[in-house]
Amino acid sequence: MNLDAADIIGVTGSVLFIAAFIYANAVEKMDKLLFNAVNLAGAALLLYSLSMHFNLAATVLEISWAIIAFVGVINAIRARLRT
């Protein structure tokens, strides 16, 4: 198997998703900004990889994931500004 830069970037995005999921399940009180920012970064990296090695189903999933994470980042920032 030959990995190119897009594959390595995509795998890095997957690692970020896994790390965020582990974090969310390991802490008593989750930092929503951190969780969503890591998920957004993971989605962005995977979308880059998918732009080189297209897969429609995965692209739809990652776009959805990125939108949800982006909204989560905005909401977390707003919540911090209110406190």
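Read from the N terminus, the elements of the protein follow the order α-α-α, and the secondary structure amounts to 3 helices and 0 strands, where helices (H or I, at least four residues) and strands (E, at least two) are DSSP runs numbered from the N terminus. This is a predicted model, in which local features need pLDDT of at least 70 and side-chain atom pairs count only at pLDDT 80 or more, whereas totals for chains, interfaces and linings use all residues. Residues are numbered from 1 along each chain as its sequence is written, and side-chain values use heavy atoms, with hydrogens and water left out.

The C-alpha trace of the protein spans about 50 × 25 × 20 Å along its principal axes. Of the 83 residues in the protein, 24% are buried, a class that means under 20% relative accessible area, with exposed set at over 50% and partly exposed in between (1.4 Å probe, protein chains only).

The packing of the helices can be followed in chain order. Helix α1 (residues 5-26) and helix α2 (residues 32-52) have axes that come within 8 Å and cross at roughly 155°; such axes are lines fitted to C-alpha atoms, for helices over the stretch in contact, and the angles run from 0 to 180 degrees between N-to-C directions. The two helices α1 and α2 are therefore roughly antiparallel to each other, given that angles over 145 degrees count as roughly antiparallel, those under 35 as roughly parallel, 65 to 115 as roughly perpendicular and the rest as oblique. Their crossing, that of α1 and α2, is left-handed, a term that applies if the near helix is turned anticlockwise from the far one by less than a right angle, while clockwise makes a crossing right-handed.

The next pair is α2 and α3, which pack at an angle of about 150° with their axes 8 Å apart. That angle makes α2 roughly antiparallel to α3, and α2 passes α3 in a left-handed crossing. Within helix α3, which covers residues 56-82, L61 has its place and counts as partly exposed at 48% relative accessibility. The C-alpha atoms of L61 and A79 are 27 Å apart in space, with a separation of 18 residues in sequence.

What, then, of the charged side chains? Side chains of opposite charge can pair when their charged atoms come close. The structure holds 1 salt bridge, defined as a side-chain nitrogen of Lys or Arg within 4 Å of a carboxyl oxygen of Asp or Glu. In this salt bridge the side chains of D31 and R80 meet at 2.6 Å, N to O. The pair links distant parts of the chain, with D31 in the loop between α1 and α2 and R80 in helix α3, 49 residues apart. Both partners remain partly exposed, D31 with a relative accessible area of 26% and R80 at 44%.

On the surface, I63, I67, F70 and V71 form a nonpolar patch with about 370 Å² of accessible area together. Patches are made of residues with over 30% relative accessible area and no salt bridge, like charges being joined within 9 Å and nonpolar side chains (Val, Leu, Ile, Met, Phe, Trp, Tyr) within 5 Å; the accessible areas come from the Shrake-Rupley method with a 1.4 Å probe, and for residues only the protein chains shown count as cover.
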